[in-house]
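User: Hello! I am new to this structure and would like to learn how to read it. Could you guide me step by step?

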Protein chains: 2
Amino acid sequence: MSEFDRFSLNVATTKYWPLDELVPGCVAAGIGGIGLWRNEVTQYGLDRCAELVQGAGLRVTSLCRGGFFTAHGWLDDNCHAIEEAATLGAPVLVLVSGGLPPGSRDLDAARERVAAAVETLVPYAIDAGVTLGIEPLHPMYAADRCVVSTLGQALDIAERFPARAVGVVLDTYHLWWDDQVWAQIKRAGADGRIACFQVADWVTPLPAGVLLGRGLPGEGCVELRRFREAVDAAGYTGPVEVEVFHPDVWARPGAQVLAASIAGYLEYVA
Amino acid sequence: MSEFDRFSLNVATTKYWPLDELVPGCVAAGIGGIGLWRNEVTQYGLDRCAELVQGAGLRVTSLCRGGFFTAHGWLDDNCHAIEEAATLGAPVLVLVSGGLPPGSRDLDAARERVAAAVETLVPYAIDAGVTLGIEPLHPMYAADRCVVSTLGQALDIAERFPARAVGVVLDTYHLWWDDQVWAQIKRAGADGRIACFQVADWVTPLPAGVLLGRGLPGEGCVELRRFREAVDAAGYTGPVEVEVFHPDVWARPGAQVLAASIAGYLEYVA
C-alpha cells in the first residue's frame, strides 16, 4: 500500500458531504478508502451504500460505531452493527464503550462491564469476520462517553480474546498526552491488535461539551508523524484515517476539506 | 487532627468572598485551615494576609500557585512564590507546570523542562522550608496548562529530589479517571511525597475552555471517599482541601458555599 493509497477519509470529517458526492470525490482524489458511520449508512441504505462504495473501488476501512454498552438494547444494536460492517466489507467495527451508568461512581465496575460485553460479542464478530476495535477515548470522556481511557486499558481487555476478534483503535486525538502510549503501541503491534489508526490534531481552547474541537492534521500540537512511525514500527500496515469533528471544518465544501486532509496528512503524518 | 479539623477551604471555591470576611467565616465554621491563591494574597497584601490568617488561628494548608515554567521570568516569579508561602506559613507551594511552548509539539522535551525547572527551585525551597508540590493536571490540560498529566509522571519527577523539597499534590478532579492512580497513591505515600490532597467532583457536560466546570463534593461521579481512604492508607495525615471552580458556586454567598462544602465533605469524603 503506497503512502497515498493508505490515506482514508473518515466521513465524519466531511459531515455534510452526501455519500453519492463524497464517493466520486474520493475516487477523483485517488485515495484508498473511507471510514463510515452507521447513521449515514442507515440513512443512505445499507445495501445501496455497500454497492456505491464497492462499485467505486474504494475500501471501507472502518465502521463507526458499536459500543455504548450501558444503553438499553446494546446487544441487538451491536449485533446489527457487526452485520453492517460485514455487508460493507469493513474489517473493523469501532467500539465506543460508553460512560458510567446514570448515578454511578463505580468506574472499575463500568470497565469490567465493557469486558463482559465484548466477550458476549466475540462469537458474533468471529462469525461475521469482523474485528471489534476497542477505542480508548481521551480521559475527558470517561464519565459520559467511554470508560476505556488509555491504550493500556483497551489492550488489557482486548488481550482476553483472539486477535482476529478483538483489536484496538488508535486515535491520536485521544492518546497524544499519554507518556505510556509508545510502549503500549509496541505491545499492541506485537500481538497484532492494531485494528485501525486514526489521526486528528489537538487544538485549544476546547469547546463546550469537548466533542467538536478537533483540528485537521497540522493545525494542533500532536506529534502525528511520531505516532504514524510508531504504529508502522509496531508492524501495522493498514490505513491511516483522518477523522476530525469541527463545525468550521464541516462548514467548508467536502472536496475542499478532503484536499486539506490529504495535504495535512502528507505534510504531517506520512 | 479530627475529621472536621482536617477540612480546609481552598479560597478559589469562594472566589468573591473577601478575605477579611472569609477568615472570620471559616473560624465561625470551626474548620482547620484554608488554601490560598497568590493573586488574592497580593491584592490583600502579603504581610497583612499572613497576620489576618495566623491571628485567627487558621492554618494555611497550601499556596497556589507556582509553576508555568514556559513563561518569561518564571524563575523570579517562582522564587517570590516560595517566599510568599514561607511568610504565610504554607507548607506547600502548588506547582502548575505549564503547557507546551507556543508552536511546539515536543511533549517529552516540555516534561523534561519541568524537571529541570524544579531542580533549579529545590535549593530555594529547602532554604525556605517550603515543599514544592507538583500537581498533575487532567490530560485535557496537557497542551495549554500542564504537561504533567498523571500522578505517575509527577512522581517520576519528584523522586529525583529529597521528599522534604518536592512532593505531589493530589486533586481528585484531575486523577479520578486513571486506573493506575491507586498504585501510584501507594507509591507516593510510601515515599512521603503527598504534599496536599484536594477534592472536587467531576460533572458533565464540560464548559468551553474546560476550566470552570468542577462540582462540589457529591455533585458528580468521582469516588471521593475511596480517594480519601487511599491517601490515608498510604500514610497521609494532612488536610483535605475542597477546591471547586464554577461560576454557579461563585455566584452564591461565601458562607453558604462553605457550609455546602463542609456538608459535601462530611457526606462524601470524610
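This is a predicted model: local features need pLDDT of at least 70, side-chain atom pairs count only at pLDDT 80 or more; totals for chains, interfaces and linings use all residues.

User: Which strands make up the closed barrel of chain A, and what kind of pairing do they have?

Analyst: As a general idea, strands of a sheet pair through backbone hydrogen bonds, either parallel or antiparallel. Here the closed barrel of chain A has eight strands in the order 1-2-3-4-5-6-7-10, and the pairing is parallel. From one strand to the next, the twist averages 30°.

User: How many bridges join strand 1 and strand 2 of chain A?

Analyst: Three bridges link strand 1 (residues 7-10) of chain A with strand 2 (residues 33-37) of chain A, in the parallel sense. To find one of them, look at Leu9(A), whose bridge partner in strand 2 of chain A is Ile34(A).

User: Which strands of chain A does helix 6 of chain A lie across?

Analyst: Helix 6 (residues 107-128) of chain A lies across strand 5 (131-134) and strand 6 (166-171) of chain A, and runs at about 150° to strand 5 of chain A.

User: Let us turn to chain B. How many residues of strand 4 of chain B are buried?

Analyst: Five of the five residues in strand 4 (residues 92-96) of chain B are buried. Val92(B), Val94(B) and Val96(B) point one way, while Leu93(B) and Leu95(B) point the other way.

User: Which strands of chain B are joined to strand 4 of chain B?

Analyst: Strand 3 (residues 59-67) of chain B runs parallel to strand 4 of chain B, and four bridges join them. Gly67(B) stands opposite Val96(B). The chain passes from strand 3 of chain B through helix 5 (residues 74-88) of chain B to strand 4 of chain B in a right-handed β-α-β crossover. Four bridges also join strand 4 of chain B to strand 5 (residues 131-134) of chain B, again parallel. There, Leu95(B) has Ile134(B) as its bridge partner.

User: Why are the buried residues of helix 9 of chain B on the same side?

Analyst: The buried residues of helix 9 (residues 181-190) of chain B are Val181(B), Gln184(B), Ile185(B) and Ala188(B). They lie on the same side of helix 9 of chain B because they cover an arc of only 105° around the axis. Their packing partners in chain B include strand 6 (166-171) and helix 10 (224-233).

User: Finally, how many residues of chain B are in contact with chain A?

Analyst: In chain B, 24 residues are in contact with 23 residues of chain A. On the chain B side, 15 are nonpolar, five polar and four charged.

Note on methods
Residues are numbered from 1 along each chain as its sequence is written. Chains are lettered from A and ligands numbered from 1 in the order in which they are written. Two residues are in contact if their C-beta atoms, placed from the backbone, lie within 7 Å. Ala, Val, Leu, Ile, Met, Phe, Trp, Tyr, Cys and Pro count as nonpolar, Asp, Glu, Lys and Arg as charged, and the others, Gly among them, as polar. Two strands pair if DSSP finds at least two bridges between them. Helices (H or I, at least four residues) and strands (E, at least two) are DSSP runs, numbered from the N terminus. Axes are lines fitted to C-alpha atoms, for helices over the stretch in contact, and angles run from 0 to 180 degrees between N-to-C directions. A residue is buried if 20 or more other C-beta atoms lie within 10 Å of its own, exposed if 12 or fewer, and partly exposed in between; C-beta atoms are placed from the backbone. The arc is that of the directions from the helix axis to the C-beta atoms. A crossover is right-handed if, with the strands pointing away from the viewer, the path from the first strand over the helix to the second runs clockwise.
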